[in-house]
Amino acid sequence: RREAATIDTSYIGHVTDPYAVTVEKGRLRDFARATGQSDRVYLDEEAAQAADYRGLLAPPTYLFSLDLDREDPFYFITLLKIDIAKVLHGEQAFTYGAPMCAGDTITLVSKVTDIYAKKGGAMEFVHLKTSATNQLGEDAGSMTRTVIVRHPQ
């Protein structure tokens with residue numbers, strides 16, 4: 001039996017409007033360096049093209065950075081009227097599809113997949129899935145996230 005959540009559970013199933021973002025070469029390089037990537041396909045355009053990529057390859061987890069490019073990077077927290085001071089990062093996972101490369105236009109669509117409470121309502125969990133499609137219509141992967149909203153008692 002599930003505990004009642006104070007976050008409006010009618011948002012379960014809510015899908016955001018598509019958000020298109022261009023993968024920028026400079027930001028890819030910065031992300032690759034920040035995450036310790038040493039493979040040249042992440043840093044050198046010629047190496048990426050020699051490996052049959054359209055341009056610099058986006059490192060794993062880059063999808064999260066693209067999602068933060070939205071006008072409101074906390075769009076789902078805003079949508080659900082959650083006090084950001086009570087938010088904890090719970091979990092994050094990625095699936096990978098077609099390679100994301102510099103110059104690609106990636107369209108993101110997010111869906112609230114679940115909202116529920118635990119520990120007598122002291123913690124609420126929000127699950128979100130963001131899917132990415134490239135300009136060729138290919139599945140470029142997805143990201144699932146869980147945020148925990150604390151309600152100190």
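The report below covers the sheet, then a helix, then a single threonine.

This is a predicted model, in which local features need pLDDT of at least 70, side-chain atom pairs count only at pLDDT 80 or more, and totals for chains, interfaces and linings use all residues. Residues are numbered from 1 along each chain as its sequence is written, and side-chain values use heavy atoms, with hydrogens and water left out.

**Sheet**

Five strands form an open sheet in the order S1-S3-S4-S5-S2, with antiparallel pairing. Strands are DSSP runs of E with at least two residues, helices are runs of H or I with at least four, and both are numbered from the N terminus. Two strands pair if DSSP finds at least two bridges between them. S1 (19-22) and S2 (87-96) stand at the edges with a single partner strand each, so one side of each has no neighbour in the sheet. Neighbouring strands are turned by 25 degrees against each other on average, direction ignored. Here the axes are lines fitted to C-alpha atoms.

S3 (residues 105-118) and S4 (residues 123-133) pair in the antiparallel sense over 11 bridges. S1 and S3 also run antiparallel, joined by four bridges. Some bridge partners are listed here.

| Residue | Partner |
|---|---|
| Tyr 116 | Phe 125 in S4 |
| Ile 115 | Val 126 in S4 |

**Helix H1**

Which residues of H1 (residues 25-34) are buried? They are Leu 28, Phe 31 and Ala 32; buried means under 20% relative accessible area, exposed over 50%, partly exposed in between (1.4 Å probe, protein chains only). These residues cover an arc of only 100 degrees around the axis, which puts them on the same side of H1. The arc is taken from the directions between the helix axis and the C-beta atoms. The buried residues pack against helix H3 (62-67). On the other side of H1, Arg 33 and Ala 34 are exposed. Just after H1, Gly 36 takes a positive phi of about 75 degrees.

**Thr 130**

Thr 130 lies in strand S4. It counts as buried, at 0% relative accessibility. Its side chain makes a polar contact of 3.4 Å with that of Arg 145. A polar contact is a pair of N or O atoms within 3.5 Å; within protein, one must be able to donate a hydrogen and the other to accept it. Leaving aside neighbours within four places in sequence, Thr 130 is in contact (heavy atoms within 4.5 Å) with residues including Leu 63, Asp 67, Tyr 75, Leu 108 and Met 143.

Definitions and conventions. Axes are lines fitted to C-alpha atoms, for helices over the stretch in contact, and angles run from 0 to 180 degrees between N-to-C directions.
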